[in-house]
Structures are given as C-alpha cells and as structure tokens.
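Please consult the sequence and the model alongside the text.

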2 protein chains.
Amino acid sequence: MISDPIALTAVHSTFRLERYYEAPPARVFHAFADDDAKQRWLVESEGFVTTEYSPDFKVGGNEVYRFRFGDGPEIVNQTSYLEIVSNERLIFCYQMAMAGVPMSVSLTTIEFIPQGSGTLLLHTEQGAYLDGRDDGTQREAGTRELHEALAREVER
Amino acid sequence: MISDPIALTAVHSTFRLERYYEAPPARVFHAFADDDAKQRWLVESEGFVTTEYSPDFKVGGNEVYRFRFGDGPEIVNQTSYLEIVSNERLIFCYQMAMAGVPMSVSLTTIEFIPQGSGTLLLHTEQGAYLDGRDDGTQREAGTRELHEALAREVER
C-alpha cells in the first residue's frame with residue numbers, strides 16, 4: 001500500500017515531561033496495561049466521542065482508537081508496542097491521522113521510577129509532525145492534559 | 001508477551017544527516033523499495049554474515065534482518081513502515097537487539113528532495129538507546145557508512 005503523494009512537511013521535535021504520581025509504579029503501569037483503566041483516562045475525554053477502541057497491549061500488537069471532537073473530522077490513533085517491561089518501562093510508536101490525512105508519527109518512551117511512596121513518570125516523545133500545523137508544541141500541551149487525567153485515575 | 005525486567009537505561013537522541021546523490025529521487029527511493037537492491041547496499045556489508053533477510057516493504061509490514069559480525073552474537077533488526085510516499089518520503093520504526101537483548105528503538109524519516117539532476121536525501125533519526133553503550137553516536141556513524149553504501153548502489 002503506497003500512499004498518494006501529499007504536501008510534504010516533516011517537522012521533528014522531542015519533548016520530555018516529568019510528573020510525580022502519589023501511587024506506586026505497579027498502579028501507574030496498570031493504567032496503561034489495563035484496557036478498562038486506559039479507556040477511562042486516555043481514550044474518553046470530555047467533548048470527545050469515541051467511535052472505536054480496540055486495545056491490543058502486547059509487543060507487536062496494533063491498537064486503534066477512533067474519535068472525533070464534537071462534530072469535527074475523525075481522528076485515528078494507531079499504537080504499536082515495541083517494548084513492555086512490567087512496572088518499569090513502556091516504548092511504543094503511534095501515528096495520528098485526521099480525516100484520513102497523516103498528522104504525526106511518534107516514538108514514546110515511558111519510564112516508571114519509584115520515588116518514596118509514589119512514582120516519577122518520565123515521558124519522552126520523539127515526533128515527526130507532518131501536517132504543517134503542529135511542531136510538537138500542541139502535542140506536548142495535550143500530553144500534559146493526559147497526564148492530569150492519569151493522575152485522576154491513579155490517585156483516586 | 002511481557003519482557004523480563006532488565007537493567008533500564010534509555011538515552012534519547014536525534015541526528016539528522018544530509019547526503020547528495022547523483023541519481024534522481026526515483027532511483028534513490030527504489031534502493032529502499034526494491035528487495036534485491038536493498039539487500040545489496042543495506043543488508044550485505046563486508047564482514048557481516050546475513051542469517052535472515054525477510055523484506056516486507058509496505059505500510060504496516062514487518063521486515064526482519066538477522067546477521068552477525070564474524071563470530072559475534074546475532075543481531076536482529078525489525079523494521080515496520082509507517083508511511084510510504086513513493087519517491088518522496090519514507091517513515092519507519094526499527095528495533096535492534098543483540099543476542100536477544102534490546103539495543104535500541106528508532107523512528108526514522110527519510111526525505112528525497114530533487115536537486116538539479118540528483119537527490120538530496122534528508123535522514124532524521126530519533127532514537128532511544130537502551131543498552132547503556134550507545135548514545136546515538138555509534139548509530140550516526142554507522143548510518144553515514146550506510147549512506148556511502150547507498151551511493152555505490154545508486155551511482156553505479
């Protein structure tokens with residue numbers, strides 16, 4: 001399957017976020033590994049309508065979420081896990097497309113570091129932004145919001 | 001499939017290489033897309049013994065090369081293509097492991113820019129290096145060597 005030529009823009013950038021959670025690594029990791037937990041904090045956000053959620057949490061698995069914001073175009077996230085070390089590290093690659101047009105391809109490393117009674121989560125995201133709109137700034141802001149949603153999940 | 005815990009090190013780095021080839025974009029792209037051409041310049045290098053070459057050049061495909069240097073441990077490269085725009089752009093994710101231990105996970109964007117009668121190849125590689133040895137420096141040097149091998153392939 002060869003894509004049709006599109007306007008070519010590839011802006012590469014890396015961001016790294018650190019966030020402390022008042023929950024042990026096993027609980028924070030579980031929020032990524034468990035299909036129901038992940039649906040709560042990662043997939044279902046206010047204002048978004050989920051049209052498909054097909055989790056596939058295993059190395060080589062291919063996970064798909066489809067959603068739209070209000071009446072907006074369909075956005076598709078395809079995630080493939082490259083490394084899973086329980087309670088310690090997760091590496092995955094994900095692609096986003098809007099209305100069938102590729103937006104980005106990203107390589108994400110999440111490290112779960114025990115710290116006192118909680119977890120320091122290190123999130124490193126190396127992305128190629130293809131749509132000429134984002135340069136990683138919006139993605140970083142969106143990821144910070146997801147980290148807040150994760151806090152609500154694991155610190156309940 | 002959940003990996004066993006391993007010593008955790010993740011060093012992230014990005015390198016970007018530019019290389020001019022005296023060959024049009026279609027010919028340079030072909031060297032990545034054609035299984036036989038790719039085997040000549042990318043897979044078979046002096047001193048290396050290839051034990052498996054299973055090309056799978058399509059979006060979502062999973063390509064595998066296995067090789068060893070002399071009597072060294074087996075090295076495995078698994079590549080998955082994320083975007084293919086003929087003669088223009090290629091985005092893929094690849095993992096390397098040595099003797100079964102993960103070495104790296106990388107997201108590579110290759111852009112083929114027409115320049116005069118030739119092609120300017122832009123290679124951007126965003127990597128997570130896991131083995132505590134490389135920080136991207138060796139990979140960058142190895143990639144420069146591959147770009148020379150590519151020149152021998154497309155400028156013949």
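**The contact between the chains**

Across the interface of chain B and chain A, 5 residue pairs are found in polar contact, both residues at pLDDT 80 or more; a polar contact is a pair of N or O atoms within 3.5 Å, where within protein one must be able to donate a hydrogen and the other to accept it, and residues adjacent in sequence count only if both atoms are side-chain atoms. On the chain B side, strand S1 (11-21), S4, strand S5 (89-98), strand S6 (101-115) and strand S7 (118-129) each supply at least two residues that touch chain A. Helices and strands here are DSSP runs numbered from the N terminus, with helices (H or I) of at least four residues and strands (E) of at least two. The most is given by S6(B), with 6 residues. By residue class, the side of chain B that touches chain A divides into 18 nonpolar, 12 polar and 7 charged residues. In this division Ala, Val, Leu, Ile, Met, Phe, Trp, Tyr, Cys and Pro count as nonpolar, Asp, Glu, Lys and Arg as charged, and the others, Gly among them, as polar.

The model is predicted: local features need pLDDT of at least 70, and side-chain atom pairs count only at pLDDT 80 or more, while totals for chains, interfaces and linings use all residues. Residues are numbered from 1 along each chain as its sequence is written, chains are lettered from A and ligands numbered from 1 in the order in which they are written, and side-chain values use heavy atoms, with hydrogens and water left out.

The size of an interface is often given as the accessible area lost when the parts come together. Chain B and chain A bury about 3,000 Å² between them, and 61% of this lies on carbon and sulfur atoms; buried area is the accessible area (1.4 Å probe) that two parts lose on being put together, summed over both. Each chain is represented in the contact, with 37 residues from chain B and 37 residues from chain A, contact meaning heavy atoms within 4.5 Å. The count of salt bridges between chain B and chain A is 0, a salt bridge being a side-chain nitrogen of Lys or Arg within 4 Å of a carboxyl oxygen of Asp or Glu.

**Salt bridges in chain A**

Over all chains, a search of the whole structure finds 20 salt bridges. One of these joins the side chains of A:Lys38 and A:Glu63, at 2.9 Å from N to O. This pair links distant parts of the chain, 25 residues apart, with A:Lys38 in helix H2 (residues 35-43) and A:Glu63 in strand S3 (residues 62-69) of chain A. Both A:Lys38 and A:Glu63 are buried; buried means under 20% relative accessible area, exposed over 50%, and partly exposed in between (1.4 Å probe, protein chains only).

A:Arg66 also forms a salt bridge, with A:Glu52, and their closest N and O atoms are 2.8 Å apart. Here A:Arg66 in strand S3 is linked to A:Glu52 in strand S2 (residues 48-54) of chain A, 14 residues away. A:Arg66 is partly exposed at 29% relative accessibility, as is A:Glu52 at 26%. A further salt bridge joins A:Lys58 and A:Asp56 (2.7 Å, N to O), and A:Lys58 is partly exposed at 39%. A:Arg40, A:Glu153 and A:Arg156 are linked in a network of salt bridges.

In helix H2 (residues 35-43) of chain B, the buried residues are B:Ala37, B:Lys38, B:Trp41 and B:Val43. They lie on the same side of H2(B) because they cover an arc of only 165 degrees around the axis, the arc being that of the directions from the helix axis to the C-beta atoms. Their cover includes helix H1 (25-33), strand S2 (48-54), strand S3 (62-69), strand S4 (75-85) and helix H3 (137-154) of chain B. At the start of H2(B), a side-chain oxygen of B:Asp34 reaches to within 3.2 Å of the backbone nitrogen of B:Asp36.

B:Thr79 is placed in strand S4 of chain B and is buried, with a relative accessible area of 3%. Its side chain makes a polar contact with the side chain of B:Asn77 (2.8 Å).
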